[in-house]
Amino acid sequence: MTEQRVQIKGRIGGLTQGYDVQAEWNGSELHGRIGGRFEGKDIRLTLQRERVDGRIGGHFDGFDANGELSTNRMDVRLGGRIEGDSVELTFDGSQIYGRFSGRIMGKDVRLNASGASLSGRIGGVLDGKDVEMSFGTAPVLLAALSAVCAYKALEDHQAQESSNAASSSASTS
């Protein structure tokens with residue numbers, strides 16, 4: 001029996017301030033890349049029954065993904081227990097909705113699944129990022145999880161750039 005591979009690909013954010021998602025799903029594992037060749041992270045997720053586990057990025061500059069993912073509900077933790085973010089999403093009809101990173105400081109997730117495409121927004125009108133993805137026959141919530149992972153990686157990268165810019169301007173003052 002041959003293993004069928006499905007492409008999950010798309011973009012989170014705009015043309016200049018966004019990350020690409022390029023991954024391959026084989027029925028139990030998702031492998032690929034978020035972002036670019038130099039400013040990005042590898043993504044490796046395993047889905048067994050309703051349990052998802054994996055890592056986005058390397059050993060030092062990355063984060064774990066662990067939790068539950070069923071056909072209509074996701075409850076996954078990105079990062080550690082203290083320095084991490086929760087993802088709680090519900091898939092209802094064609095709508096995927098929920099929160100990323102908590103009730104108070106978190107972001108809304110509002111996505112629409114149409115056929116094998118996923119579109120919508122993570123975050124608010126001003127501080128959010130658009131999502132445009134195709135996922136073939138892969139589980140729709142796995143595609144949504146890869147979009148949230150890309151969002152987190154992009155946000156982490158932008159926060160690090162802001163921090164570096166602030167510290168360099170403070171040292172030149």
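Lysine 41 and aspartate 61 meet through their side chains in a salt bridge, with an N to O distance of 3.2 Å. The structure is a predicted model, and every value in this report is computed from it. The pair links distant parts of the chain: lysine 41 belongs to strand β4 (residues 40-48), whereas aspartate 61 sits in the loop between β5 (51-57) and β6 (62-69), 20 residues apart.

The two partners are described by their relative accessibility. Lysine 41 has a relative accessible area of 11%; because buried means under 20%, lysine 41 is classed as buried. Aspartate 61 reaches 52%, and since exposed means over 50%, aspartate 61 counts as exposed.

## Other salt bridges

Across the whole structure, a search finds 13 salt bridges. One of them joins the side chains of glutamate 155 and lysine 129 at 3.3 Å, N to O. Glutamate 155 is in helix α1 and lysine 129 is in strand β12 (residues 129-134), so this pair ties together parts of the chain that are 26 residues apart in sequence. Glutamate 155 is partly exposed, at a relative accessible area of 24%, while lysine 129 counts as buried at 11%. Salt bridges that share partners also join Arg51, Asp53 and Glu68 into one network.

A further salt bridge is formed by the side chains of aspartate 20 and arginine 11, with an N to O distance of 2.8 Å. Aspartate 20 has a relative accessibility of 31% and therefore counts as partly exposed.

## The barrel

The strands of the model close into a barrel of 12, in the order β1-β2-β3-β4-β5-β6-β7-β8-β9-β10-β11-β12, and their pairing is antiparallel. From one strand to the next, the twist averages 15°. Strands of a sheet pair through backbone hydrogen bonds, in either a parallel or an antiparallel manner.

Arginine 44 stands opposite arginine 55, which is in β5.

Strand β10 (residues 107-114) contains lysine 107. This lysine 107 is buried, with a relative accessible area of 17%. The side chain of lysine 107 makes a polar contact of 3.0 Å with the side chain of aspartate 127.

## Aromatic rings

How many aromatic pairs does the model contain? The count comes to 1 aromatic pair. Phenylalanine 100 and tyrosine 151 form this pair, with 5.7 Å from centre to centre and 90° between the planes. Planes over 60 degrees apart count as edge-to-face, so the arrangement of phenylalanine 100 and tyrosine 151 is edge-to-face.

Why does this pair tie together separate parts of the chain? Phenylalanine 100 lies in strand β9 (residues 95-100) and tyrosine 151 in helix α1 (residues 140-171), so the pair ties together parts that are 51 residues apart in sequence. Phenylalanine 100 and tyrosine 151 are both buried.

A ring also takes part in a contact with a charged group. The charged end of lysine 152 sits over the ring of phenylalanine 63, at 4.9 Å from the centre of that ring.

Notes. Residues are numbered from 1 along each chain as its sequence is written. This is a predicted model: local features need pLDDT of at least 70, side-chain atom pairs count only at pLDDT 80 or more; totals for chains, interfaces and linings use all residues. Side-chain values use heavy atoms; hydrogens and water are left out. Rings of Phe, Tyr and Trp (its six-membered ring) pair if their centres lie within 6.5 Å; planes under 30 degrees apart count as stacked, over 60 as edge-to-face and the rest as tilted. Helices (H or I, at least four residues) and strands (E, at least two) are DSSP runs, numbered from the N terminus. Buried means under 20% relative accessible area, exposed over 50%, partly exposed in between (1.4 Å probe, protein chains only). A charge sits over a ring if NZ of Lys or CZ of Arg is within 6 Å of the ring centre and within 35 degrees of the ring normal. A salt bridge is a side-chain nitrogen of Lys or Arg within 4 Å of a carboxyl oxygen of Asp or Glu. Two strands pair if DSSP finds at least two bridges between them. Axes are lines fitted to C-alpha atoms, for helices over the stretch in contact, and angles run from 0 to 180 degrees between N-to-C directions. A polar contact is a pair of N or O atoms within 3.5 Å; within protein, one must be able to donate a hydrogen and the other to accept it, and residues adjacent in sequence count only if both atoms are side-chain atoms.
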